[in-house]
Structure formats: structure tokens, C-alpha cells
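Work through the exercises below with the structure open beside you. Try each task before reading its solution.

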Number of protein chains: 2
Amino acid sequence: MEREWNDNQPIYRQLRDRVVAMILEGVLKEGDPLPSVRNVAAEYRVNPLTVLKGYQQLVAEGLVESRRGRGMFINAGARSVLLQGERQKFLGEEWPRIQAAIQRLGLKVEELLNGSRPSSTAAPSKPAKSDPPEEES
Amino acid sequence: MEREWNDNQPIYRQLRDRVVAMILEGVLKEGDPLPSVRNVAAEYRVNPLTVLKGYQQLVAEGLVESRRGRGMFINAGARSVLLQGERQKFLGEEWPRIQAAIQRLGLKVEELLNGSRPSSTAAPSKPAKSDPPEEES
DNA sequence: ACTAGTGTTATAGTTTACTATAACAGTCTG
DNA sequence: CAGACTGTTATAGTAAACTATAACACTAGT
């Protein structure tokens with residue numbers, strides 16, 4: 001897990017998203033306990049309240065159940081619910097935006113979807129003026 | 001132009017992004033004036049200060065020049081600088097995240113390339129349990 | 001000079017996200 | 001019961017984003 005935060009989004013939501021990702025990836029299975037609020041807070045150097053807020057987001061979505069004194073546990077069916085809901089959200093809200101951005105930048109969607117698996121430090125050095133969309137000065 | 005705001009990101013940055021998009025799309029050409037701070041503020045029902053903040057972001061990036069009493073104007077070279085910088089940012093920061101999400105959701109390249117130009121009300125109804133990645137319970 | 005259009009700055013208040021510190025409330029183990 | 005884990009709530013403070021209102025500074029047209 002990464003220990004750093006993205007400026008674009010509040011920590012508690014990023015936290016929620018990470019748990020969601022872990023569920024989808026199968027790292028966390030249904031019935032499993034989430035790492036404890038205090039543990040996460042300590043490990044990530046973040047306030048326990050912030051962690052709690054992220055977790056309660058998941059409770060509110062019905063993905064996780066909280067049992068006082070025991071911990072927080074992933075509900076049955078969480079994964080398939082997520083798979084469906086997140087898909088819809090992605091296809092309906094994110095992907096269109098992303099696609100527009102790709103087009104604006106003169107990039108090819110197919111190329112991105114096919115050939116690209118940049119493991120980590122993949123900094124493409126200057127596309128060097130490839131194909132600017134129309135130019136009608 | 002849309003009149004609505006995304007909760008995920010501060011308005012001033014969304015504003016900045018829209019101008020960037022307009023430059024890339026050629027809606028705004030180099031030398032053109034940006035719509036005035038007060039106009040935008042009025043049209044979008046937003047505080048002039050918020051608009052200014054978005055615009056000054058562009059000034060700080062060297063994309064736009066501000067001339068007191070005249071307006072704010074798009075600098076020469078803005079477009080190509082943008083094309084390069086935004087590409088790098090996209091490929092380096094956004095795309096890896098997006099790709100991970102696509103994989104997690106088990107989305108298929110065809111789904112993304114085909115069905116994804118929903119003019120408005122396009123709600124895909126239940127992908128109906130297509131292909132969950134491994135299942136080893 | 002006046003006016004109406006630009007960008008810019010000042011003052012001040014609200015809301016949200018995050019923080020620190022501390023206490024409360026259950027569960028389980030010894 | 002004591003102690004060590006869980007989640008939860010309370011209190012209070014900081015910083016960022018946004019807002020309302022108002023004034024200042026500059027440019028251009030009349």
C-alpha cells in the first residue's frame with residue numbers, strides 16, 4: 001500500500017477507495033475484518049477520526065458492518081455489489097470525461113488500452129509534436 | 001459549457017481545467033481574451049474571487065497574460081506547451097490509476113471503445129455477472 | 001472628465017477537511 | 001475483575017475553499 005496522499009481528494013475518500021480496491025482485487029474477502037482504525041491511523045500517520053470517517057462511508061454504502069469492540073467486517077455480497085456499482089459509476093461518469101481528455105490531448109484510446117503497462121517510473125520523454133488535431137488559424 | 005460543478009475538485013481548479021480544455025480544443029486561440037472575471041462569475045453564479053483564482057493559476061503557469069483594465073489574454077505558444085505538459089501529466093499520473101481501475105472492474109476493451117458515447121440518458125442495465133477475476137474461496 | 005468595462009485587493013464570515021487530545025463503550029483473554 | 005484490544009463521541013483548533021460586499025487601479029470610448 002502506498003503511504004502517500006493525493007492532493008485532489010480528501011484523505012477519507014481516498015481511504016475508502018483503497019478499501020474498495022482491495023475488495024475488488026480480492027485482497028480483502030467477505031467476512032474479513034478491516035485493519036483497525038487505530039492501526040491504520042498510526043501506520044499512515046493520520047488522525048483516527050479521518051480513518052473512521054472513511055470507514056463509515058463504507059458502512060453507509062452497506063459494504064461493511066461495524067461491530068463495537070470487535071472491529072469492522074466486510075459484508076457478504078460486498079464484492080458483487082461493488083463490481084456492479086463501481087462499473088456503472090465509472091462508465092457513466094468517469095470514462096466519458098477521460099475519453100474527452102484523451103481526445104483533446106491527441107492521444108489514441110486504442111493505443112492506451114493495448115500497449116501500455118507502465119510498471120512505475122514510466123515518464124515518456126516528450127512526444128515531440130506528433131499530431132495536433134486540426135489547425136484552422 | 002456546463003453550468004455545474006464536480007464535488008471532487010475545487011471550483012477554481014475546474015475552472016482552470018475548462019479553460020485549458022478550450023485552448024486544446026481550439027475554442028480559445030492564442031491572443032484571444034478570456035471571458036471576463038465578472039462575466040464568468042455572473043454566468044456561473046460564482047464569486048468573482050473564485051474565478052480570479054482559477055485564472056491566476058493559468059497566469060502562474062505562463063499560459064495567460066493579464067493586462068489590467070484590458071483583460072486576460074492567451075499567450076503565444078500556450079497550446080503546444082499545454083499539449084506537451086498535459087500529456088505528460090496524464091500519462092504519468094492519471095492513466096496508471098485509470099488503468100488499474102479498469103482492470104479491477106474487469107472491463108473489456110470493447111466495452112470501453114464501443115458503447116461509450118452516451119449522448120445523455122444511457123444507463124447500462126446490469127452487466128449481469130460477466131467475468132469476476134479469480135475466485136478462490 | 002465621465003462612464004463603463006477590465007483586473008485586483010481588502011475585510012470578514014461560513015463550511016469542510018483534518019488535526020490533537022481525551023474520554024466513553026463494547027468484547028475478549030487471562 | 002483487570003487489561004488490551006476493538007469502534008465511537010466530545011471538544012477544540014487550524015487551514016483551505018468559497019462566499020458577500022466593497023473599494024481600488026487601469027484602459028478605452030464618448
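**Exercise 1.** In which helix is the place of A:Ala41? Then decide: is A:Ala41 buried or exposed?

*Solution.* Keep in mind that this is a predicted model. Step one: find the helix. A:Ala41 sits in α2 of chain A, which covers residues 37–44. Step two: check the accessibility. The relative accessibility of A:Ala41 is 6%. Buried means under 20%. A:Ala41 therefore counts as buried.

**Exercise 2.** List what A:Ala41 touches, leaving out residues up to four places away in sequence.

*Solution.* Step one: collect the contacts. A:Ala41 touches A:Val46, A:Asn47, A:Pro48 and A:Val51. Step two: take one of these partners, A:Val51, and compare sequence with space. A:Ala41 and A:Val51 are ten residues apart in sequence. Their C-alpha atoms are 6.3 Å apart.

**Exercise 3.** Sort residues of α2(A) into buried and exposed. Why do the buried ones lie on the same side of the helix?

*Solution.* Step one: name the buried residues. They are A:Val40, A:Ala41 and A:Tyr44. Step two: look at their directions around the axis. They cover an arc of only 100°, so they lie on the same side of α2(A). Step three: turn to the other side. There A:Arg38, A:Asn39 and A:Ala42 are exposed. Step four: find the packing partners. The buried residues of α2(A) pack against α1 and α3 of chain A. Step five: go just past the helix end. A:Arg45 has a positive phi of about 55° there.

**Exercise 4.** How many residues surround DNA strand C, and which are the closest?

*Solution.* Step one: take the count. DNA strand C is surrounded by 25 residues. The closest are A:Ile11, A:Tyr12, A:Asn47, B:Arg38 and B:Ser66. Of the atoms of DNA strand C that come within 4 Å of the protein, 61% belong to sugar and phosphate. Step three: class the residues.

**Exercise 5.** Which atoms of DNA strand C do A:Thr50, B:Arg38 and B:Gly69 approach?

*Solution.* Step one: start with the phosphate. A polar side-chain atom of A:Thr50 is 2.9 Å from a phosphate oxygen. Step two: move to the bases. A side-chain N or O atom of B:Arg38 is 2.6 Å from a base oxygen. B:Gly69 uses a backbone N or O atom, 3.2 Å from a base nitrogen. Step three: widen the view to whole elements. Those giving two or more residues to the surface near DNA strand C are α1 and α3 of chain A, with α2, α3 and β2 of chain B.

Conventions. Residues are numbered from 1 along each chain as its sequence is written. Chains are lettered from A and ligands numbered from 1 in the order in which they are written. This is a predicted model: local features need pLDDT of at least 70, side-chain atom pairs count only at pLDDT 80 or more; totals for chains, interfaces and linings use all residues. Side-chain values use heavy atoms; hydrogens and water are left out. A residue is near a molecule or strand if one of its heavy atoms lies within 4 Å of it. A polar contact is a pair of N or O atoms within 3.5 Å; within protein, one must be able to donate a hydrogen and the other to accept it, and residues adjacent in sequence count only if both atoms are side-chain atoms. Helices (H or I, at least four residues) and strands (E, at least two) are DSSP runs, numbered from the N terminus. Buried means under 20% relative accessible area, exposed over 50%, partly exposed in between (1.4 Å probe, protein chains only). Contact means heavy atoms within 4.5 Å. The arc is that of the directions from the helix axis to the C-beta atoms.
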